[in-house]
Amino acid sequence: MTKVTIVSTYIAIPDEGKMDLGDIDLDQTTIHGLKEHICKVTAIPLPQQTLWWRGYLLDQDESCIQDACVGVNADEHVKSSTDPLVVFLTTPMPFISGKSSQ
């Protein structure tokens, strides 16, 4: 399990521009599943979310986080024991997040 933090603009994530999603199993949770977590907290619709890791676009929604977070260099990958993992969120502008009532 890995602590996952989402970082974005203050407009998208009002609480200091970041949110902790808690511990997530990186080899079991998909990019789509991560987006669902974000949607529950911020109410940003899934199609409006673009996720990035180390400058790499995470656009393969069906891939687990561990498989999706890879770069061009041999040392650019996420291990299941990575702690913490920071993912960047971008949204089309202007998009202002409202917290979900869930």
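Keep in mind that the model is predicted.

Let's start with the strands. Strand S1 covers 2–7 and strand S2 covers 18–24. S1 and S2 run antiparallel, joined by six bridges.

Now move to S3. S3 pairs with S5 in the antiparallel sense, over three bridges. S3 is also joined to S4 by three bridges, and those two strands run antiparallel as well. Look at Leu-51. In S5, Leu-51 has Leu-89 as its bridge partner. In S4, the bridge partner of Leu-51 is Leu-58.

Which side chains of S3 point to the buried face? Leu-51 and Trp-53 do. Then comes the turn. The hairpin of S3 and S4 has two residues between the strands, and in that hairpin Arg-54 takes a positive phi near 50°.

Next, the core. In soluble globular proteins, nonpolar side chains tend to be buried together. In this model, the largest nonpolar core has 22 residues. Ile-6 and Leu-34 have the most contacts inside that core. Which elements give two or more residues to this core? They are S1, S2, helix H1, strand S3, helix H2 and strand S5.

Stay with Leu-34 for a moment. Leaving aside neighbours within four places in sequence, Leu-34 is in contact with Val-4, Ile-6, Leu-21 and Ile-24, among others. The list also includes Thr-29, Leu-51, Ile-65 and Val-87.

Thr-29 deserves a stop of its own. Thr-29 sits in the loop between S2 and H1. Is Thr-29 buried or exposed? Its relative accessible area is 15%, under the 20% cut-off, so Thr-29 counts as buried. Beyond four places in sequence, Thr-29 touches Ile-24, Leu-34, Ser-63, Cys-64 and Ile-65.

Another loop residue is Ser-8. Ser-8 lies in the loop between S1 and S2. At a relative accessible area of 16%, Ser-8 is buried too. Where does its side chain reach? The side chain of Ser-8 reaches the backbone oxygen of Leu-89, at 2.7 Å. Not counting residues up to four places away in sequence, Ser-8 touches Ile-13, Gly-17 and Leu-89. Recall that Leu-89 is the partner of Leu-51 in S5.

Last topic: charges. How many salt bridges are there? The count comes to two.

One is between the side chains of Lys-3 and Asp-20, at 4.0 Å from N to O. This pair links distant parts of the chain, with Lys-3 in strand S1 and Asp-20 in strand S2, 17 residues apart. Lys-3 is partly exposed, with a relative accessible area of 36%. Asp-20 is partly exposed as well, at 47%.

The other joins Lys-35 to Asp-61, with the closest N and O atoms 3.1 Å apart. Lys-35 is in helix H1, and Asp-61 is in the loop between strand S4 and H2, 26 residues apart. Lys-35 counts as buried, at 8% relative accessibility. Asp-61 is partly exposed, at 27%.

Terms used. Residues are numbered from 1 along each chain as its sequence is written. This is a predicted model: local features need pLDDT of at least 70, side-chain atom pairs count only at pLDDT 80 or more; totals for chains, interfaces and linings use all residues. Side-chain values use heavy atoms; hydrogens and water are left out. Helices (H or I, at least four residues) and strands (E, at least two) are DSSP runs, numbered from the N terminus. Buried means under 20% relative accessible area, exposed over 50%, partly exposed in between (1.4 Å probe, protein chains only). A polar contact is a pair of N or O atoms within 3.5 Å; within protein, one must be able to donate a hydrogen and the other to accept it, and residues adjacent in sequence count only if both atoms are side-chain atoms. Contact means heavy atoms within 4.5 Å. A nonpolar core is a set of buried Ala, Val, Leu, Ile, Met, Phe, Trp, Tyr and Cys residues joined through side-chain atoms within 4.5 Å. Two strands pair if DSSP finds at least two bridges between them.
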